[in-house]
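Q: I'm new to this structure and would like a close look at one part of it, the aromatic rings and what surrounds them. Could you walk me through it?

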Amino acid sequence: MLKIIDTHTHFDVPEFDIDRAEQCTLAYDNGIRHLILIGFLAKLFNQMVNCQNQIQKFIANKQKSPTAHLAFGLHPFYITQHTDNDLILLENFIKNHKSVAIGEIGLDTFTDEMKTAKNYAKQQDFFIKQLDLAKNYNLPALLHIRKAHGDTLKILKNQKFNNGGIAHSFSGGIQEAKAFVNLGFKIGITGQVTNPNAKKLRNTIVELVKTVGLESLVIETDCPDFTPVCCHESHGRRNTPANLIFVLDELAVLLNVEKAKLAEQLWQNSLSVLDLDV
Ligand SMILES: [Zn+2]
C-alpha cells in the first residue's frame with residue numbers, strides 16, 4: 001500500500017468541524033499517513049492544538065486516520081494583524097508543543113496593500129525574527145512566497161539560514177526553484193499541478209526534476225484551498241487531505257515515473273526535511 005504525507009494543510013479550520021472524522025478516514029484510505037497543521041495567526045494556534053488532540057483521539061479509538069503534526073508561524077499575508085506579542089506567543093507554543101517546523105512564514109506582495117512600504121518592511125522584520133526562532137530551536141522553515149522570491153532568497157542568505165525546509169505551493173520559475181533547493185529547501189507541489197493551464201508550474205517541475213532530481217519535491221494539499229481540478233465537480237471547492245492522491249497521480253504522469261516509486265521518494269523527501277516522529 002502506498003504511503004504519502006500531506007506536508008501543508010489547514011485541516012484545523014472550522015470548515016472541517018462538521019466531518020473531520022470522515023475526512024481522516026478518507027485520507028487514510030487514500031494512503032495519507034501524516035499531515036502537518038500549519039500556523040498562520042497566533043490566535044488560531046490553540047485551534048491547531050485542539051485539532052491535533054481530536055485526531056489523536058480518533059487514532060486512540062482505533063479509527064483510521066493520518067497522524068497530525070504541528071508547525072507554528074505567522075503568515076506574511078496577515079502581517080497587519082500580527083503584533084510583537086504574537087512573536088512571544090509563537091515562541092511559547094514552540095516551547096510547549098512539539099513543532100516540526102516554523103511556518104508558514106515568508107513574504108507576500110500579491111496585493112497592493114501588501115506592497116506598501118510599511119507592510120512590506122513589517123513582513124521582512126517578522127520573517128527575519130521567525131527565522132531567528134527557527135535557528136534557536138533548530139527547526140526547518142515552511143515558506144510562503146508570492147511575488148517575492150528574490151527578496152526571500154536574499155534574506156535567507158543574509159541570515160545564513162541553513163536549516164532548510166519547504167518552499168510551499170511554489171509559484172516561482174526554474175532558476176528560483178534551483179536556488180531554494182541549493183539552500184536546502186524542498187519544493188512543495190499542490191493541486192495546482194492538475195491544472196493544464198498551469199504551464200509555468202508544470203514546466204518548472206519537469207525541468208527541476210531533470211536537473212536536480214526527484215529529491216527536490218514534496219507534495220501538499222494546502223486544504224481547504226487549491227482543490228485539484230478533477231474534484232471540482234464531484235465534491236465541490238473545499239479541498240481535503242484525501243485529495244493529495246490526485247497530486248501524486250498527476251505528478252507521476254507529468255514526470256513519467258511509476259506512482260509507487262514516486263510515493264516512496266516523496267515520503268523520504270518529507271522525512272528528510274521535517275522533524276517527524278515516524
Ligand atoms: Zn497554507
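How many aromatic pairs does the structure hold?

A: The structure holds nine aromatic pairs. Keep in mind that this is a predicted model, so everything below is read off computed atoms. A quick word on how to read such pairs: two aromatic rings are described by the distance of their centres and the angle of their planes.

Let's begin with Phe 45 and Phe 72. Their ring centres are 5.2 Å apart and their planes meet at 65°, so this pair is edge-to-face, since any angle over 60 degrees counts that way. Phe 45 belongs to helix H2 (residues 45-60) and Phe 72 to strand E3 (residues 67-72), so the pair ties together parts that are 27 residues apart in sequence. Both Phe 45 and Phe 72 are buried.

Now for another pair, Phe 170 with Phe 180. Here too the arrangement is edge-to-face, with 6.0 Å from centre to centre and 80° between the planes. Phe 170 sits in the loop between E6 and helix H7 (174-182), while Phe 180 is in helix H7 itself, and the two are 10 residues apart. Both Phe 170 and Phe 180 are buried.

Ser 169 is buried, with a relative accessible area of 11%.

Arg 146 lies over the face of Phe 110, at 4.1 Å from the ring centre. Arg 146 is part of strand E5 (141-146), and the loop between that strand and helix H6 (149-158) is where you'll find Lys 147. Lys 147 has a positive phi too, of about 50°, although it is not a glycine. At 60% relative accessibility, Lys 147 counts as exposed, whereas Ser 169 is buried.

The other charge to look at is on Lys 3. Its charged end sits over the ring of Trp 267, 4.2 Å from the centre of that ring. Trp 267 is one of the buried residues of H11, along with Leu 262, Ala 263, Leu 266, Asn 269, Ser 270 and Val 273. They cover an arc of only 165° around the axis, which puts them on the same side of H11. The spacing makes sense, because an α-helix has 3.6 residues a turn, so residues three or four places apart point the same way.

What lies over that buried side? The cover includes strands E1 (4-9), E2 (32-38), E6 (165-168), E7 (185-189) and E8 (217-219), as well as helix H10 (244-255). The face of H11 turned away from the buried side carries the exposed residues Lys 261 and Ser 272.

Terms used
Residues are numbered from 1 along each chain as its sequence is written. This is a predicted model: local features need pLDDT of at least 70, side-chain atom pairs count only at pLDDT 80 or more; totals for chains, interfaces and linings use all residues. Side-chain values use heavy atoms; hydrogens and water are left out. Buried means under 20% relative accessible area, exposed over 50%, partly exposed in between (1.4 Å probe, protein chains only). Helices (H or I, at least four residues) and strands (E, at least two) are DSSP runs, numbered from the N terminus. The arc is that of the directions from the helix axis to the C-beta atoms. Contact means heavy atoms within 4.5 Å. Rings of Phe, Tyr and Trp (its six-membered ring) pair if their centres lie within 6.5 Å; planes under 30 degrees apart count as stacked, over 60 as edge-to-face and the rest as tilted. A charge sits over a ring if NZ of Lys or CZ of Arg is within 6 Å of the ring centre and within 35 degrees of the ring normal.
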